[in-house]
Amino acid sequence: MDDRLEFRLAAGDAGAVGECYRAHGPAVRSFLRRLVPHEDVDDVLQVVFTEVWRSRHRFDPSRSLPAWLYGIARKRAVDHLRARRPQTLPLDAVADPAGPDGRVAGEELADRDRIRRALEELPAVQRQAIELAYYGDLTQREIADRLRVPLGTVKARTARGLHRLAALLPRAAA
């Protein structure tokens, strides 16, 4: 049946493109999902099958129809991505992030900066243990496994690092 479809498509049979869409559309849609944003998949799919109809005279029915379709789909996906303009705003136009109550959380941002600066003053092994625990959301056992050190070592590094952070933070705030 695919052979008949391929020959009919190449011959310009008006019903062949519909059959081609029904037979291969879901696979081409799945292929496009890996290339273009989810919201654009159906639009690009429509462009692909419009292109299939327009360029049917160039299709060689002795070759693979799916491969030809995927080639067209890839080219149209690339065209689509090139035509998209990333949505950007000048930094001056962007307001400070709002806090939970809707107001700007400037003090929270300042606290984050103080913590970042204090973390930078810690010895690397203490900083690494703390970052993996708090920012990496890892347990101490997971940290020990990842760093290939004993669990007690991770606990000591974390405790020493937190103790040192407590001493550094008032100084970092100045």
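## Aromatic pairs

This predicted model holds 3 aromatic pairs. Rings of Phe, Tyr and Trp (its six-membered ring) pair if their centres lie within 6.5 Å. Planes under 30 degrees apart count as stacked, over 60 as edge-to-face and the rest as tilted. One of the pairs joins tyrosine 21 and phenylalanine 49. Their ring centres are 5.1 Å apart and their planes stand at 85°, so this pair is edge-to-face. Tyrosine 21 sits in helix 2 (residues 16-33) and phenylalanine 49 in helix 3, so the pair ties together parts 28 residues apart in sequence. Tyrosine 21 is partly exposed, at 37% relative accessibility. Phenylalanine 49 is buried, at 7%. Here buried means under 20% relative accessible area, exposed over 50%, and partly exposed in between (1.4 Å probe, protein chains only).

Another pair is made by phenylalanine 31 and tyrosine 70. This one is tilted: 5.1 Å centre to centre, with 45° between the planes. Phenylalanine 31 belongs to helix 2 and tyrosine 70 to helix 4, and the two are 39 residues apart. Phenylalanine 31 is buried, with a relative accessible area of 18%. Tyrosine 70 is partly exposed, with 30%.

## Helix 3 against helix 4

Two packed helices are described by the angle between their axes and the distance between the axes. Helix 3 (residues 41-54) and helix 4 (residues 65-83) pack at about 130°, with axes 9 Å apart. That makes helix 3 oblique to helix 4. Axes are lines fitted to C-alpha atoms, for helices over the stretch in contact; angles run from 0 to 180 degrees between N-to-C directions. Angles under 35 degrees count as roughly parallel, over 145 as roughly antiparallel, 65 to 115 as roughly perpendicular and the rest as oblique. The crossing of helix 3 past helix 4 is right-handed (the near helix is turned clockwise from the far one by less than a right angle).

Which residues of helix 3 and helix 4 make the contact? Helix 3 brings Val44, Val47, Val48, Phe49, Glu51 and Val52. Helix 4 brings Trp68, Leu69, Ile72, Ala73, Arg76, Ala77 and His80. Contact means heavy atoms within 4.5 Å.

## The whole chain

The chain has 8 helices and 0 strands. Helices (H or I, at least four residues) and strands (E, at least two) are DSSP runs, numbered from the N terminus. Of the 174 residues in the chain, 29% are buried. Among contacts with a separation of 6 or more, 55% come from residues 24 or more positions apart.

## Arginine 164

Arginine 164 lies in helix 8 (residues 151-173). At 38% relative accessibility, arginine 164 is partly exposed. Leaving out residues up to four places away in sequence, arginine 164 touches Glu121, Leu122, Pro123 and Gln126. Leucine 119 is 45 residues from arginine 164 in sequence, but 9.3 Å from it in space, C-alpha to C-alpha.

## Two positive phi values

Most residues other than glycine have a negative phi. Aspartate 137 has a positive phi, near 55°. Aspartate 137 is placed in the loop between helix 6 (124-134) and helix 7 (140-147), and is exposed at 67% relative accessible area.

Arginine 148 also has a positive phi, about 60°. Arginine 148 is in the loop between helix 7 and helix 8, and is exposed at 78%.

## Basis of the values

Residues are numbered from 1 along each chain as its sequence is written, and side-chain values use heavy atoms, without hydrogens and water. In this predicted model, local features need pLDDT of at least 70 and side-chain atom pairs count only at pLDDT 80 or more, while totals for chains, interfaces and linings use all residues.
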